[in-house]
Amino acid sequence: MSFRIAVGEWAHETNTFCPAPTTAEPFRQFMWLKGEQVAAVHGGNRTYVGGMLDKAAELGVTAVPALVTMAYPSGTITREAYDEILGEMLSSIRAALPVDGVCLSLHGAGVAEGVDDLEGAVLAAVRALVGPSVPIAVALDLHGNITEEMVRQADGLFGVNFYPHNDSYERGAEAMAFLNRVLRREIRPVMHLERLPMIIPTSTTDLDPAKRLNELTWAWEKQPGVLDCTVFHGFPYTDVPPVGMSVLAIADGDAALARKAAQAVAKAVWEARDQFTPQRLSPAEAIAAAGAVEGGPVVINDTADN
């Protein structure tokens, strides 16, 4: 049996401290794809959508393209742009109906005027369109601020494990494979979210404590019945209530197991909280430290990539 799964993307890492609002134009300039354009741009490429398309082809699933759009990190999305892009997304999915599932690439830290949880709102709108019986899987950025609304509206949320993000393709493929298993009734996923009262700076996963915490999630994923476990760092430049770190676990039909895994990892995150505190130098101290280095080069970097 071949399934039809809609594939779409709406990704924006919103920095609410940026004074300039984000209109629809940056999305249209950077990436605004429909129909055959989606496979032409993403097919075989190491993107979230590329992973979804390749995995669909491997599994014999028909991937039906919906709107695929994204913009570089920037200020709060205007309400006009939000309404326009959401309308385009829903229109493209409606045109694909009937579908057996929906596979989306979202960010997790999107904010629009009057919409603090963009991804939760988008998923609620998609859920209202396709109905309660159509499974929805989502690939997300490590820096997503994950909410209970996102958990309620989706069947599976999968965040990249690494920063720098070099596993976007794998997470897209994972989301598509997950949907295929759900549709074949091989698994009955349940999710549990543990949100932590922590806001951390952007922190590489190549080093501890994030490296160690990733290894802990992978150990849980080897446990029977655990489908996925992810630490989401959150995005510190979104000044909205959902901001913060979280741990999300997915188990096969076992809510208690999902809760146990998420709580165990969240406990380890909380115990490591002081290790995430950055060691900052003042500009004068940084220049003095650079001047004391023999040889070079010396890089002084603003890590806020927005």
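Start by selecting phenylalanine 235, which counts as buried because its relative accessibility is 1%, under the 20% cut-off. Keep in mind as you go that this is a predicted model.

Phenylalanine 235 and tyrosine 237 make an edge-to-face aromatic pair, with 5.4 Å from centre to centre and 75 degrees between the planes. Is tyrosine 237 buried or partly exposed? Its relative accessible area is 22%, so tyrosine 237 is partly exposed.

Searching the whole structure turns up five aromatic pairs. For another of them, select phenylalanine 158 and phenylalanine 178: the ring centres are 5.0 Å apart and the planes meet at 65 degrees, so this pair is edge-to-face too. Colour by secondary structure and you can see what the pair connects: phenylalanine 158 belongs to strand S6 (residues 156–159), while phenylalanine 178 belongs to helix H7 (residues 168–183). The two residues are 20 apart, and the pair links distant parts of the chain. Both phenylalanine 158 and phenylalanine 178 are buried.

Next, look for charges over rings. Zoom to tryptophan 32 and you will find arginine 28 over its face, at 3.9 Å from the ring centre. Then jump to tryptophan 270, where arginine 273 lies over the face at 4.1 Å from the ring centre.

**The six-stranded sheet**

Switch to a cartoon view and find the open sheet of six strands, ordered S2-S3-S1-S4-S5-S6 with mixed pairing. Which strands stand at the edges? They are S2 (31–33) and S6; each has a single partner strand, so one side of each is left without a neighbour in the sheet. Ignoring direction, neighbouring strands here are turned by 20 degrees against each other on average.

Further in, select strand S1 (residues 4–11) together with strand S4 (residues 101–106): they pair in the parallel sense over six bridges. Show side chains for tryptophan 10, and opposite it you will see leucine 106 in S4. Then bring in helix H3 (residues 48–59), which packs on this sheet and touches S1, S3 (62–70), S4 and S5 (136–140). The direction of H3 makes about 155 degrees with that of S4.

**The three-stranded sheet**

The next stop is an open sheet of three strands in the order S7-S9-S8, with antiparallel pairing. Its edge strands are S7 (189–195) and S8 (226–232), each pairing on one side only. The twist from one strand to the next averages 10 degrees.

Select S7 and S9 (residues 246–252) to see an antiparallel run joined by seven bridges. Here histidine 192 stands opposite alanine 249 in S9.

**Zooming out**

Finally, show the whole protein, with its 10 helices and nine strands. The C-alpha atoms fill a box of roughly 65 × 45 × 35 Å along the principal axes. For 306 residues, a compact globule would have a radius of gyration near 19 Å, and the protein's 20 Å agrees with that. Colour by accessibility, and 54% of the 306 residues count as buried.

Definitions and conventions. Residues are numbered from 1 along each chain as its sequence is written. This is a predicted model: local features need pLDDT of at least 70, side-chain atom pairs count only at pLDDT 80 or more; totals for chains, interfaces and linings use all residues. Side-chain values use heavy atoms; hydrogens and water are left out. Rings of Phe, Tyr and Trp (its six-membered ring) pair if their centres lie within 6.5 Å; planes under 30 degrees apart count as stacked, over 60 as edge-to-face and the rest as tilted. Helices (H or I, at least four residues) and strands (E, at least two) are DSSP runs, numbered from the N terminus. Buried means under 20% relative accessible area, exposed over 50%, partly exposed in between (1.4 Å probe, protein chains only). A charge sits over a ring if NZ of Lys or CZ of Arg is within 6 Å of the ring centre and within 35 degrees of the ring normal. Two strands pair if DSSP finds at least two bridges between them. Axes are lines fitted to C-alpha atoms, for helices over the stretch in contact, and angles run from 0 to 180 degrees between N-to-C directions. Contact means heavy atoms within 4.5 Å. The radius of gyration is taken over C-alpha atoms; the globule rule is 2.2 Å times the number of residues to the power 0.38.
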